[in-house]
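Thanks for coming. I will go through the charged pairs, and then the core. Please look at the model first.

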Amino acid sequence: MTYIAKPKLHHPSLQPNRVGYTRRDYEGRISTLCAGCGHDSISAAIIQACWELDIEPHLVAKLSGIGCSSKTPDYFLGASHGFNTVHGRMPSALTGANLANRNLLYLGVSGDGDSASIGLGQFANAMRRGVRMAYIVENNGVYGLTKGQFSATADQGSKSKKGVVNSDSPVDLVGLALQLGATYVARSFSGDKEQLVPLIKGAMAHGGAALIDVISPCVTFNNHSGSTKSYDYVRQHNDAVSRIDFITPGKEITAQYAPGSVVQVQQHDGSMLHLRKLHEHYDPTDRYGAMAYMQTHQARGEIVTGLLYVDPLATDLHTALNTSELPLNTMDTTRLCPGTKVLEKINAALR
Ligand SMILES: Cc1ncc(C[n+]2csc(CCOP(=O)(O)OP(=O)(O)O)c2C)c(N)n1
Ligand code: SF4
Ligand SMILES: [Mg+2]
């Protein structure tokens, strides 16, 4: 972690949003990542998305694991709640926090090592349980923090900086999330802010488990020819299924689209996602179609990006468990501890 605080200077030209905050109010401390690291661009996109969404910073909880990517929550949303877990254990800490207080917006930030190597089981179970969260993987195909070993998302046949060929099959987090029942699944590129910002906004407004796998080149260890996670490779092989416009609940829709060129999806909170089709037959509400499309294009070496799947009526773990609407910290003792008689009744029912 860095301890270099940014001076609190607000340029008078900075626009406040509807809750009175400027973009600077969503920033954090000064980044210590390598200059050009994709992860810094993702932090900038998160800041932009939260500012545009008029989010109250104290209503966000950001959680991460260990890695260069997992350090980044220190560099945005400095006034929000934050928790750094053990490597690969962010999803279970996030699940617990979410169950204790459903009134916060949960932002999980992780790396490909954190989520696909050591934390794969944690990742899978958070997705299949439908924990309401925006889960962002900053995917560079290597363990950046520990000096560039292949991670589980490195493509088979891709080369390390020193020329070593990766012989293992890759874990595809998007494919897994689709299979496990995640209800908002996207892939993006740290170098494409125009695509990434609305995807983050859509994920934060989503009612269930949302995953965005963001290819985020590691300029120090994985940005050479032979890598499939370099800036050049991603730019040359990017196949976007749509461009997304996020429209906040209740906002007038003024854009004009040609008939049939846009898929409109209304989420549970009233927000609208307008997906301007780049592939005529792509249907983002068809889970199996999305899986087939992904696999076909992946086999050709293409990186499919955009909102790949969304279930606008998604529900979450709280709905499944029928939990209380109230956060635990707002309940008084009588509610939290209903007494010996109730406990005896529960125990009797379990015998
Ligand atoms: C339990 C445990 N095992 C191993 C490590 C060493 N370690 C620290 S970060 C890391 C990998 C990080 O890779 P990734 O999640 O892809 O993040 P990146 O640095 O690439 O952004 C490893 C193996 C650790 N900190 N804790
Ligand atoms: S080592 Fe790689 S992932 Fe880590 S900060 Fe540097 S460029 Fe980013
Ligand atoms: Mg990594």
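Counting a salt bridge as a side-chain nitrogen of Lys or Arg within 4 Å of a carboxyl oxygen of Asp or Glu, there are 11 salt bridges here. This is a predicted model, in which local features need pLDDT of at least 70 and side-chain atom pairs count only at pLDDT 80 or more, while totals for chains, interfaces and linings use all residues. Residues are numbered from 1 along each chain as its sequence is written, chains are lettered from A and ligands numbered from 1 in the order in which they are written, and side-chain values use heavy atoms, leaving out hydrogens and water.

Take lysine 201 and glutamate 52, whose side chains meet in a salt bridge at 2.6 Å, N to O. Lysine 201 sits in helix 7 (residues 193–204) and glutamate 52 in helix 1, 149 residues apart. Helices are DSSP runs of H or I, at least four residues, and strands are runs of E, at least two, numbered from the N terminus. Lysine 201 is buried, at 10% relative accessible area; glutamate 52, at 30%, is partly exposed. Buried means under 20%, exposed over 50%, and partly exposed in between, with a 1.4 Å probe and protein chains only.

What about arginine 187 and aspartate 213? Their closest N and O atoms are 2.9 Å apart, in a salt bridge. Arginine 187 is buried at 8%, and aspartate 213 is buried at 0%.

Now the largest nonpolar core, which has 37 residues. Such a core is a set of buried Ala, Val, Leu, Ile, Met, Phe, Trp, Tyr and Cys residues joined through side-chain atoms within 4.5 Å. Helix 1 (residues 38–52) gives the most to this core, seven residues.
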